[in-house]
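Good morning, and thank you for the time on today's agenda. I would like to take you through a structure that is new to this group, beginning with the place where two chains meet.

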Amino acid sequence: MSSSIDIATTALRRSQLYRRHIEMGAVFEPLSDGTAGDSAVVCHYGTNNQEQELTQAQHLGLADLSTLPRMGFKGLGAPDWAAAQGIQLPAQPNQATLQTDGTLVARLSQSELLLASNLNGLSESIESIAKTTQSARNSELPERVYSLPRSDSHSWLVLCGSRAAETLAKVCGVDLRPHKFANGEVAQTSIAKINGVLVRNDLGETLSYCIFSDSSSVEFLWDSLHDAMAEFKGAAIGIQALRDC
Amino acid sequence: MKLLTCPLNGLRNITEFTYGGEYHPMPDHQQASSREWAEHVFFHDNAAGVVIEWWCHSASSYWFLAERNTISDKILRTFPASEIFNQRIDFNPLPELTSTAPSTPPPTATQKGES
């Protein structure tokens, strides 16, 4: 257990919630994403076995993926440039689509994109774009394409399970029930008074919502979602349960 | 709860929005006097009736325009700013203002001065 906590506290990238995770007895796994350096993510909590966490995820679970890679782009030239990089773009704003390698691409407006890696912290598109942009910042981006780094500014939570929509109904004004809010839809809205981007991204048959919100207030959002989940017996889950869904 | 329709995000609670002031057409920047600029930047009409206003959807930082009746507080329509701002404006000064060289005196005066 102590070696697992060491991974979380010594990694180059830490989630803003890592103290919460340690208090909850999280077991971390190392993650080398190739773009942002070594990091750690919660594998599971306490003495939960794989099956217990999977059952929790299918019922109602909250996971923190804030250390996984993600990035964004904005500008009138961004959609054409992203398509030239081989990224499949959603046709309309406020829609998201999965790439073949599991990268989630959300179109936040006609000219703004958000990319998030798969559950192993890997994404071919993010890695190849990061290589061209990290060395010289924006200078290697074409005209009218601007990078919007999201790894540090935004946290990434996943709320999943059959009671997830009911939980969100307590903290969010948008109707996110599965029959009203289809898989791949995006809502940029207020969640427990915190502005965020909410993407429905089902994991197999399990209803699942990704929530990207300001990292400076994610502890409040984490606590608020736990408060909302308590009524439905929701609990924190690790990333392994999401992979198993 | 009041509701407002964001052109990008659809119908949302009014608490998701921030008011951004009255919309005024910008005066011709090459011709406008200081007085006209001051009117445009600092002064507001505060009209009773139908006005156009800037609003921002905070969750997506999306600025758009809304037509609102300030007497009844009814929103008549909302629309993207690109309906009005549909071409790029380059703030180039008038040609004579870009020249730093002193103005050339009339030819006759120069000739007189040299002689």
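Let us start with the contact itself. Ten residues of chain B are in contact with twelve residues of chain A. Please keep in mind throughout that this is a predicted model.

How much area do chain B and chain A bury between them? The value is about 800 Å², and 46% of it falls on carbon and sulfur atoms.

Where chain B touches chain A, its residues divide into two nonpolar, five polar and three charged. Between the two chains the count of salt bridges is zero. Polar contacts, on the other hand, are present: four residue pairs are found across the interface, with both residues at pLDDT 80 or more.

Salt bridges do occur elsewhere. In general, side chains of opposite charge can pair when their charged atoms come close. Over all chains, the search of the whole structure finds 18 salt bridges. One of them joins the side chains of A:R20 and A:E219, at 3.3 Å from N to O. Because A:R20 belongs to helix α2 of chain A and A:E219 to helix α7 of chain A, residues 218-230, this pair ties together parts that lie 199 residues apart in sequence.

Let me now move to the open spaces, and to the largest pocket in particular. It contains about 880 Å³ of space. Which residues lie nearest the centre of the largest pocket? They are A:L76, A:S111, B:Y62, B:S82 and B:F85, out of a lining of 23 residues. Two elements each give two or more residues to this lining, namely β6 (104-109) of chain A and β5 (62-69) of chain B. By class, the lining of the pocket has nine nonpolar, ten polar and four charged residues.

The structure holds one cavity of 30 Å³ or more, and the volume of the largest cavity is about 80 Å³. Its lining has 14 residues, with A:S15, A:F28, A:A40, A:V41 and A:T67 nearest the centre. Helix α2 (18-23) and strand β2 (38-45), of chain A, each give two or more residues to the lining of this cavity. Strand β2 of chain A gives the most, with three residues. By class, the cavity lining has seven nonpolar, four polar and three charged residues.

That concludes my presentation, and I welcome your questions.

How values were computed. Residues are numbered from 1 along each chain as its sequence is written. Chains are lettered from A and ligands numbered from 1 in the order in which they are written. This is a predicted model: local features need pLDDT of at least 70, side-chain atom pairs count only at pLDDT 80 or more; totals for chains, interfaces and linings use all residues. Side-chain values use heavy atoms; hydrogens and water are left out. On a 1 Å grid over the protein atoms alone, a cavity is a set of points where a 1.4 Å probe fits but cannot get out, and a pocket is an open set with protein on both sides within 12 Å along at least five of seven lines; lining residues have an atom within 4 Å of a point. Grid points are joined across faces, edges and corners, and a volume is the space filled by probe spheres set on the points. Helices (H or I, at least four residues) and strands (E, at least two) are DSSP runs, numbered from the N terminus. Ala, Val, Leu, Ile, Met, Phe, Trp, Tyr, Cys and Pro count as nonpolar, Asp, Glu, Lys and Arg as charged, and the others, Gly among them, as polar. Contact means heavy atoms within 4.5 Å. Buried area is the accessible area (1.4 Å probe) that two parts lose on being put together, summed over both. A salt bridge is a side-chain nitrogen of Lys or Arg within 4 Å of a carboxyl oxygen of Asp or Glu. A polar contact is a pair of N or O atoms within 3.5 Å; within protein, one must be able to donate a hydrogen and the other to accept it, and residues adjacent in sequence count only if both atoms are side-chain atoms.
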